[in-house]
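Biologist: Let us go through this model term by term. I will ask for the grounds, and you set each value against its definition.

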Amino acid sequence: AHATGETAQNLGSLPGTTATIPGRIIDGELKAADEVDVYTFTGLSPSNATDMLVSVASDSDVVVRVDTVPTFDSDNLVEITRNGKAGMGVTSGFKGATRFIQVTAAPDAGKPTGKYTLGIKRVAPAVPPQR
């Protein structure tokens, strides 16, 4: 039911970095090799960059894509590929009120089905050291 950006499961607004619980944990499962799960967060700044940390743990071979558009084809696209192990990726410098997160089986996956857990939270923007 949430296989495209247009039908993404809306997870509401992503909490700020100072919130008591500053992120979300999502448990999902790919039950078929061609299954696609898409999630969306709203309420982010359309004009200021929002930095996010997206981590994935999975017992299957998955690809996680994060983008500002539901078609997952913008210049902002970030992709994490994991082969049944925990992994992390950071999206930084993204401007836009919405983020889309897509989970699919990795191409030529040895194990394309199984459970996964996503951790998504805002992180404070990186500040370059002053000289």
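Biologist: What makes glutamate 79 and arginine 65 a salt bridge?

Modeller: In this predicted model, their side chains meet at 2.9 Å, N to O. A salt bridge needs a side-chain nitrogen of Lys or Arg within 4 Å of a carboxyl oxygen of Asp or Glu. So the pair qualifies. A search of the whole structure finds one salt bridge. Glutamate 79 lies in strand E6 (residues 78-83) and arginine 65 in strand E5 (residues 61-67), so the pair ties together parts 14 residues apart in sequence. Strands are DSSP runs (E, at least two residues), and helices are runs of H or I with at least four, numbered from the N terminus.

Biologist: What are the ground rules?

Modeller: Residues are numbered from 1 along each chain as its sequence is written. Local features need pLDDT of at least 70, side-chain atom pairs count only at pLDDT 80 or more, totals for chains, interfaces and linings use all residues, and side-chain values use heavy atoms, with hydrogens and water left out.

Biologist: Why is glutamate 79 called partly exposed?

Modeller: Its relative accessible area is 45%. Buried means under 20%, exposed over 50%, partly exposed in between (1.4 Å probe, protein chains only). So glutamate 79 is partly exposed.

Biologist: And threonine 50, buried or exposed?

Modeller: Buried, because its relative accessible area is 8%. Threonine 50 lies in strand E4 (residues 50-58). Beyond its neighbours within four places in sequence, threonine 50 has contacts (heavy atoms within 4.5 Å) that include Leu44, Phe94 and Arg122.
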